[in-house]
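Work through the following exercises with the sequence and the coordinates side by side. Each task is followed by a solution in steps.

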Amino acid sequence: TFSSKVTWERMRVPSPLVQWHSEAWFREEITRCSFIAWTAFLRRLPTRDRLISWGLNIQPGCVLCSVADESISHFFFDCPFAVAT
């Protein structure tokens with residue numbers, strides 16, 4: 001009989017666990033929030049600075065505050081709309 005779990009275990013290439021995995025993935029998580037946190041930790045979140053580096057012709061300004069260029073560090077540390085003060 002077919003088992004998707006067995007198929008996945010045979011196909012995947014295991015990677016070592018990262019130290020901070022419990023910061024993003026935990027029992028009461030909201031999956032989409034965990035995914036966004038995980039991509040941000042890996043510096044893969046598609047912010048405007050990354051999209052521009054891929055060749056997209058878009059404005060670099062932050063969509064939330066328009067004060068600075070949109071980047072991971074701006075979103076998580078500088079943007080007045082995204083940072084809890």
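**Exercise 1.** Among contacts in the protein chain between residues at least 6 apart in sequence, what percentage join residues at least 24 apart?

Solution. The model is a predicted one. Counting contacts in the protein chain between residues at least 6 apart in sequence, one finds that 13% join residues at least 24 apart. The elements behind this figure can be listed next: the protein chain has five helices and zero strands, and from the N terminus on the order reads α-α-α-α-α.

**Exercise 2.** Identify the salt bridges and state how exposed their partners are.

Solution. The count comes to two salt bridges. In one of them, Glu9 meets Arg12 at 3.3 Å, N to O; Glu9 is partly exposed at 44% relative accessible area, and Arg12 is also partly exposed, at 33%. Another joins the side chains of Arg48 and Glu70 at 3.7 Å, N to O. Because Arg48 lies in helix 4 (residues 48-53) and Glu70 in the loop between helix 4 and helix 5 (72-78), this pair ties together parts that are 22 residues apart in sequence. Here Arg48 is partly exposed at 22% relative accessibility, while Glu70 is buried, with a relative accessible area of 6%.

Note on methods. Residues are numbered from 1 along each chain as its sequence is written. This is a predicted model: local features need pLDDT of at least 70, side-chain atom pairs count only at pLDDT 80 or more; totals for chains, interfaces and linings use all residues. Side-chain values use heavy atoms; hydrogens and water are left out. Helices (H or I, at least four residues) and strands (E, at least two) are DSSP runs, numbered from the N terminus. Contact means heavy atoms within 4.5 Å. A salt bridge is a side-chain nitrogen of Lys or Arg within 4 Å of a carboxyl oxygen of Asp or Glu. Buried means under 20% relative accessible area, exposed over 50%, partly exposed in between (1.4 Å probe, protein chains only).
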